[in-house]
Structure formats: structure tokens, C-alpha cells
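Dear colleague,

I am passing on the structure we spoke about, together with some notes on what came out of going through it. Please read the notes with the structure open beside you.

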Amino acid sequence: MILLAFILFPLIGAFLAWASAAVHASLPRWVALLVMLAGLILAAGIWIQPEPASIAGADWRYVYHQPWMPRFGISLSLAMDGLSLLMIVLTFFLGALAVLVSWDEIQDRTGFYFFNLLFVLGGIAGVFLVMDLFLFYFFWEVMLIPMYFLIGIWGHGHRLYAALKFFLFTQAGGLLMLLSILGLYFVHGASTGVYTFSYAELLQTPMAQSTGRWLMLGFMAAFLVKLPAFPFHTWLPDAHTEAPTAGSVILAGLLLKTGAYGILRFVLPLFPEASHAFGEWFMLMGAIGILYGGQLAYAQTDFKRLVAYTSVSHMGFVLVGAFAFNELAYQGVVMQMITHGISTGALFMIAGVLYERLHTRELEKMGGLWAALPGLGTITMVFVMASLGLPGLGNFIAEFLILAGSWQAYPWIAVLAAIGLVVATVYSLRIMQKVFFGISLKEFKLKDMSLREAVMLLPLVIVIIWLGLFPQRVIDTAAKGAPSVAFQNKDK
Amino acid sequence: MEWMYLVPALPFLGALLLILFSGKTGKAGVIAIGCGSIGIAALITIIAGWQFLQSGIPAYDQHLWEWLRVGDFSIGMNLRLDALSLAFTFVITFVGCLIHIYSTGYMADDPDFARFFACMNLFVGSMLMLVLADNLLLMYLGWEGVGLCSYLLIGFWYKDPENGAAARKAFIVTRVGDTAMAIALFLLVQHTGTLQLSVVLERVQTLWTSGDETVVWIAFLLLGGAVGKSAQLPLQTWLPDAMAGPTPVSALIHAATMVTAGVYLIARTNIIFNLAPAAQAAVAITGAVTLLLAGCSAWVQTDIKRVLAYSTISQIGYMFLALGVGAWSAAVFHFITHAFFKALLFLGAGAVIHALHHEQDMFRMGGLRKSLPGVFLVFLIGSLSLAAIPFISSGWYSKDQIIWLAGVTERGSSWYAWAAVLGAFITAAYTTRMMVLVFFGREQTHVHHKPGPEMMIPLYILAICSTLAGFLELPHTLGHFTWLSDFLAPVLPAPAVLHADVAAEWGLQAITAGLAALAIYLTWRLINAPFPKKAGAFLRSGWGFDAAYDVLFVQPFVRVARLNRKDIVDKIYTGLAAITRTFHRMMSSTQSGILRWYVLGVVMGAVLILSVIIWRHSL
């Protein structure tokens, strides 16, 4: 039942927020904040609790099962293991911050805005919890449409173009996944006589090698676009750049993670043979993404576009690690999902804070801001360092584990990915130089962080340092949710 | 010794406080936090070191918490105090404390006083983590941490874009080395299953025999990390530019401590290098070549800090040479004396620069021995050490040991020894040139204000240390006193000396001393002699490495980035969209609403279909 709450809180909250706008325009944000905080407290509560005995032989902490359309084998099936727990905590943590980010930025149609914001978050929570492939596809689409509105209505200049591009890319990937889901459904039905969308049952689907590989590629299409992996990444810079700050935070922090989650939860366990067969190619794709994204990040002059390309680069690490098939790399991937969400989310917030003051995202128009904004500069420095993988911050743990793990699988791919660390240094330091150092073009009279801005940025700083120095808590949690296939060492 | 964790923790805490309360504590508060934390750390080091010497145990371990555990792979936040880390810790806290005190005078007028001390504290903390870590991952944390602080402090005066460029260059170039080191760690994880130093060093001995491919790879990759951090060939280019930072930074980070991290790394993993003769030879060759190339570059600089920077590269070259021939403790010995005399020289140069209102060009100095007698005295002491003047300077004792061992150890070669001797000649030459240009001759720039006691007292203390530190070890010719190498023996094995011949050592010492004297004499006489212009410019630019890297790496990267700013991959999708749109336009243009076109279309279609049918039937 508690699992249902994580999905229903935001979904019901969404309607409440919309309705409350009729009373007062500032009410929706309070509703949204309360909903997110309630979810966060609930999720954190589960995390702090001592681990319950695992259910049904697997590592599930909670399971909720309700038949829905038994004729088609569709059920309302939810489950939570360590991996989904971490993702839920991240969802509500970043969700709450996304509400704070929108506090002053959004003045127009606040009711509908917070409706969309909460609905996206509800969809994301659903994706992380459902264990029925039909419902998984449903929530996959639920994430999509409100995000389209967030970008298309409250975005910047080219918002319609960006929103449409985002929609088309993810929809195309999503449809291929739907085909694969249906294919899996019928293959399973044909061979066992049981037609079901249930994740647990589909896990043991016997299928021909080529069938498995084609179905796997269908799933991968959706996840690679979402991740995004090179060369399917080009929707991301546009979407990130044009989205309102909260949209960028949710996109980078959470939506991209659904792609990574999909790989870990569905692709690897459902198609172990195909995953092994194609693993090297996907790792290579990830490594290319790391370098290509890094190079493109260096080339950008728009702050948000730059950060968007760093996402392409960092999510390349996820792809590299996911197909390395060992525990080091798997733990690194989970860590990367979390730390990238924190650090990139923070960088987008900083971009938003700067935009509110300077009304530009152009790096060429910034410079020398340290004198005016030392507090913001210090925090930016932390996240710039996180982005280049400085030890002591969470991202380092993630990247180290991924590289150490993938080294054991394919050393040369790990070397390519490791070169990404140098490229990351190049583009990350450029941010500091262009924004905070150098000579200021004009005498900026700017106020350093307000209380609200400090409240939304400082927790991120604390979390990223905590993850860098005490990552064991997360690692232990994630260990109890590892798709078991990821642990099987490659038998070559 | 139980308080050992405070040694790195206090500087970190100081840095945190300074960041959190930046500007709210007032200057006295900053000084109290900044200098106080380092001072207490130095005191604890001395006490812990004393207890350590008394206890006679080989190493003292302190477990703080478990950092990371995945499956069987586990890394602790563990500190380890042994002879090697104690030697480094002592130098870092002691010299660090003196430089902090000096900085209170040097940076007194800077508006970002608090930020400076925050970064300096962060640096000292990271450097201490680096040397106290009991595992390579924690060492890597310190390793990258000092890189960050180096970046922050080189670019401390951030308004000048050139300082920013120098800072980024330092970070990026060292990161290239760091990445090599990271790959070495992956190899070690894969083969030994751990990164804990004591276990790693034990397991490598059972896993591999001398010269095995994997261990040679590991050693070479570790060397990659070391040459990055220690500014050796081919990654030395960042250090001269790093002089853009405030002078105390150059003294602490870019002379006394951080740049010797590579020496520490190789000394710490000496067992691995011992198993990899090829890599160890590469260490020696790197050192020998670097010490000569950098020495030549130091010889032609005009900026006093750049002389010292190239001199640092050259002196670390000596340390690498020592490591490469298996004279591990000799490298540490030279590290200690170099830390004292180079910090002294940098701080002395800082006093001069400060007095002349940020004038760094030696050709605009001159005659300062009269107006700055105190600085002249300490600078002279430092210079004697750098030039390795026999008997009275600490630099002589340590350098002489390296020169001698370079030729006589099992992995040594007379080539190394002659390179080191030639290096000594060049060193004496450029040191003399610097002394003459700055302190002798005609006064060119008037002294602006004299350094106060907070700057002079650290200088005097360092001057005393620069003289006394040499007596930690005496050569065979002078009684063969080996306190330091005995102390380090549990960690660093003694060099395998093939033929110890006291007469030959006397001869080598005489040659070195003679060459140094010759260098001083020649320089003194030829100080104003013209130098070939092109060769001068080539040497001054550090043998054209920067230009080469610019063409090979920087330009292509930047050019591709510029060309591909709009992301060529996106063209696939926009192209797809364009094709769709073209079809759309073509199709929609047929829907013109003109009836006769529609009729024509129907007729043409009918004709086409009929002809196909007839054609198929006729076959």
C-alpha cells in the first residue's frame, strides 16, 4: 500500500494544486511543496528503517499486487528493492527542490504549471516502482506529456521546437519499446501458454537467440534515447536549454535516470544473452558518448547547453558501466545515477539563479562574477569539481567504480572512458573561468544568494560531499536490489 | 599518536571555517584559524613523530571509517604513519606553518585574505591526506585535492585571464598524469583485488617476477601520474606558468611540497618499480634529461620566479634520478633539503618582489644587498644550497649523495652520474646569475617597503634549516653518517651499491666542486655577455614543448570544438525533418483545387494502371 502512496501523492497532488490556483495563485506551490516533502519523508523513513526481511526470495522490500485486467494478464503490480528505493528518494528530493526552484520563476498559470510538474514526478515514481510491463509503458508515457507542456509553455525562446523534438524522440523510442513489450508478451504466451505482462514471470521467458536480441534492441531504443546515448542525444541540448529551470532539473536529474533504470531493471535481466552479446558495442557507444559529449560541452557558449552536453558525457559512463557485468561497475552506475542527478541538477539551478540576475545564459556575457557573488561562486566550484570527478565528492566514487569495473571487462573501452576525465576537466574549468573569473564586462551590482536559493543549493552541496565520503550507505542499499544478472561475471 | 587524524583534520576544519565565515571573522580571526590550525598540526606531528621514534614500531595505523566496500573490494579511510610518511608530514606541516606565517605579511593588503588562507589550509590538509593514506585510493583523493588547491591558488588573482589560463593548464596537464595513475589503480584492483598499500606491495611480489609485462605497465602508468604532478618530462610545462600565483603559493605548493608528490608515490611503491626494471630506468632517464633541460631553461629566464620554477623542475629531476637508480632514501633526503632551501629562495624572492612593488624582472632589480641586507643573507644561504657548495650547504650533502649513487648502484650508470655532474654545473651557473642580477650591480628599482618581522622570521628559520638539514646524512668521505636512511630503512630498502670506492667518491666530489666554482667564476665574469637570440628564446620558452603541445593537442581540440559547435549528429535528424517537409510540400502542391489538374491526374493514373496490366498480360 505504501508503494501506491508514492505514485498517488504526486498524481492527486497535481489535481489539488491545479484546483487550488482558483483560490490564490501562490497556493499551488505550497501544495506541491507539501506533497513532495511528504513523499520525501516517507521515502527517507523507509530508507532509515532497518532492512525488512526480503520477500518472496528476492530482494524486495515491499510488494503490492492487485489484479487489474486478468484477461490480458495486466495487474497493478508494484515492488520496491534497494535500487527503486534509492531512485524514489532521489525523485522526491529533487522534486521538492524543483518546486523551490519554480517558486519565483513561474508567475504565469501557476496552477497548471504545478499540475504538470507533479504529474511528471508521479509518472517517474511509477516508472521506478511498477513491475508490470504494460503499466511500465503507461507510466513511461505519463512522464512524457506533462514534460512536453512544461517545456512548451513555460520554456524560453525556441520552446515549441524543443518540446516537439523532445516528444518525437522519446515517443519514437517508446513505440519501439511497446513493440518489444508486445513481442515479449506473445513470445512468452506462445511458449508457456500464460499471457502476462508480469515482470516476474517474463523473466523466465524461453526464446530463440535472434528473437531475444531483436526484442532487446526494441527496449534499448527507448532507453538509449532517454539516457541519452550518442547518437540519439540531440533532443537533449534543445530540451534542456529551452526548459524552465525546474524542467531542466527534472530532465537531467530524473528523466534521464529512467533510461538507466530501464537498462538495469529490464534489459539486463530479461535478455541476459543479448546483453552479453551486444555488451561490448553498447559500452563502446557509451565511451564515444563520453568523449563526444565532452567535446561538444567545451564548444558551447550557452550555459545550459553546455551543462546539457555534460549530461551526455556523464550518462555515457552509465552505459559503459551497465554492460560491464560486474558488481563494481553496477554499483558505480547506481552511484552515477544519483550523483549526476545531484550535480547536474545543481548546475542547472545555478544557471537559473544566474539567469534571474543577468537575464542571459550566454557565457560570453558573463565573467568576473566572483567579486559580486562569492557565495554562489563557491557552490558552483563544488559542482564544477563534482562534474570533473574530484575525489571527495560523490561523482568520483561513481566514476571510479564504473571505470574499475569496466576495466575488467574491456580495458580499452575503460581507457577511452578514462580519457573522458581529462576532457571533463577541460570543459568544467571553462565554466568557472567564463562565469566567475576574468574581468567583468560591466559593473554588476548583484545580490548574492537569497535565503531560498541557499536552502535549495546547500542541501545539494551537503549531499554530494556526503556521497563522496560516506557512500557505503547507498552501496549497501543498492546491493539489495541489484538485478542479479549484473553480478554474473562474464563467462568467456 | 592517537591524535594523528587531527593532523590532516585540523587544516581541513580550518578551511571549512574560513569558507563558511568568509569575511566575517576579520583579519585576526583568519590568521588565528589559518595559522593556528597548521601550527597545532605541526605540533601534533612533532609529538607523534617523537612517540613514533620512541616506540620503535615500523608503522602506526589508524582506522577512521570504512569508505567504500563493494563485494570483496574494500577501502578504508585509514591513515598510516611510518618513516616515509612521517618525513613528508613533518616537512609539510613545518614548512607549511612557516609559509602561513609569512603569508600574513605578504598577503596583508589583499582583499581576499580569507579566501587565500582557506585555499592554503585546504591544500595542507589534502597534501597530508596524500602522504598519510594507507591505500592508493585515499592517496588519490589527496593527489587530486592538491591539484584542485594548486588550481585555485594559481588563479587566485582571478581578474587577469592569464592567471586563469595558467591555473587551468596546471590542472589539465596534471590530470593527464592523474588519469594514467587511475588506470594503474584499475590494473591493481583487477590483479590484487585491493588498493591497500601494504597488501598491494605484498601481493605484487608473489604475483609477478621481475620484468613481467603487467607490472611494467603498472609501473609506467604510476610514473605517468608522477611526472604530471612533479612536473617532469614530458608533462613539465605547467609549472613555469604556475608562477602566476602569489609567491607563498609557489613556495609551498610549487616547490616544497606538492610537486614532490610524484617522488613520494614512486618511493612508496618502490617494490613495484623494483619489479619493473624498464620502468625504473625510465624514471632515471626522465630525471636525468629533465634536470638538464630545465637547468638550461632556468639559465636564460628574466623573471626571478621562473628561474626558481625551472630550478625546481631540475631539482626534482635529481630526485627522480635517485629513485631511478634505486637510491630511494637519497631522493627523500634531497626532498627534505630542497623543501627547506627552495622554500627559502621562493620566500626570499617574494620578499624582494614585495619590496619592489611586484617587480619580478631580474633585469630591473640589482644592488639589493645594501637595501635589503637581511633578505640578501638568507637568499645567499639558499643559493649556496641550490648551487651545492661543499660542506656548508645542505644541498651539497643531498645532491652529492645522488651524484655518487647514480653511478655506483646496480641500476645506475656512469652516464647518469655525468648528467648529474653537468647538472650541478648548470645549477651553479644560473644560481650565480640570479644572485648577481638581483643583489649586485647597480640599483635599478627603489625599495618600496621592507619586509616586516612576520616575513623575516620564517626566512631566518628556513635559513637555519637549510644549513642544518644537510647533516642528516654524511657521505663516506666525511664519516658516513646515515641517520636518515637508517630511519627510512623499514620502508625504503638501501641502494644496492656495486663498488663503494672512497677514493673515487673524493674524485667525483672534487670534480663537482671544481665545476661549480668554474660556473660561478664564469657567470660572474660573463654576466653581461650577449647570448644568441634565437637559442635564448628557444630555451626561455622551455625547449618549445608548449608550442608543440599547442599544435598537437590544443589546436585540434579547439578547432574541432569550434567547427562542431552545432553538433553534426543533429543534422541527421534535422535532415530527416527537412526531407519530410519537402515531400509534404510536393504533395500538398498537387492539392491545388484546380479541377482540370485533378482530371488530368485521374486520366494519367488510369492510363498508367492500364498499361501495366496490358504489359503484364502480354508477357
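In which loop of chain B does B:Ala388 lie? Bearing in mind throughout that this is a predicted model, the place to look is the loop between α17 (373-386) and α18 (394-408) of chain B. Phi of B:Ala388 is near 60 degrees, a positive value in a residue that is not a glycine, and the loop between α17 and α18 of chain B also holds B:Phe391, which has a positive phi of about 70 degrees although it, too, is not a glycine. Most residues other than glycine have a negative phi.

In chain B, the peptide bond from B:Leu233 to B:Pro234 is cis, with omega near 0 degrees, and B:Pro234 is placed in the loop between α8 (213-229) and α9 (238-241) of that chain.

Turning to helix packing in chain A, helix α8 (residues 209-226) and helix α10 (residues 245-270) pack at an angle of about 155 degrees, with their axes 7 Å apart. Since angles over 145 degrees are classed in this way, α8(A) is roughly antiparallel to α10(A). The crossing of the two helices is left-handed. On the α8(A) side the contact includes A:Met216, A:Phe219 and A:Phe223, and among the residues they and their neighbours meet in α10(A) are A:Leu255, A:Gly259, A:Ile263 and A:Phe266. The residues of this contact divide into ten nonpolar, three polar and one charged.

Finally, the contact between the chains takes 38 residues from chain B and 40 residues from chain A. On the side of chain B that touches chain A, the elements giving two or more residues are β1 (59-70), α5 (136-154), α6 (161-192), α24 (545-563) and α25 (569-590). The largest share of that side, 13 residues, comes from α6(B), and its residues as a whole divide into 20 nonpolar, eight polar and ten charged.

With best regards

Key. Residues numbered from 1 in each chain as written. Chains lettered and ligands numbered in written order. Predicted model: local features only at pLDDT ≥ 70, side-chain atom pairs only at ≥ 80, totals over all residues. Axes fitted to C-alpha atoms, helices over the stretch in contact; angles between N-to-C directions. Helix = DSSP H or I, 4+ residues; strand = E, 2+ residues; numbered from the N terminus. Parallel < 35°, antiparallel > 145°, perpendicular 65-115°, else oblique. Left-handed = near helix turned anticlockwise from the far one by under 90°. Contact = placed C-beta atoms within 7 Å. Nonpolar A, V, L, I, M, F, W, Y, C, P; charged D, E, K, R; others polar.
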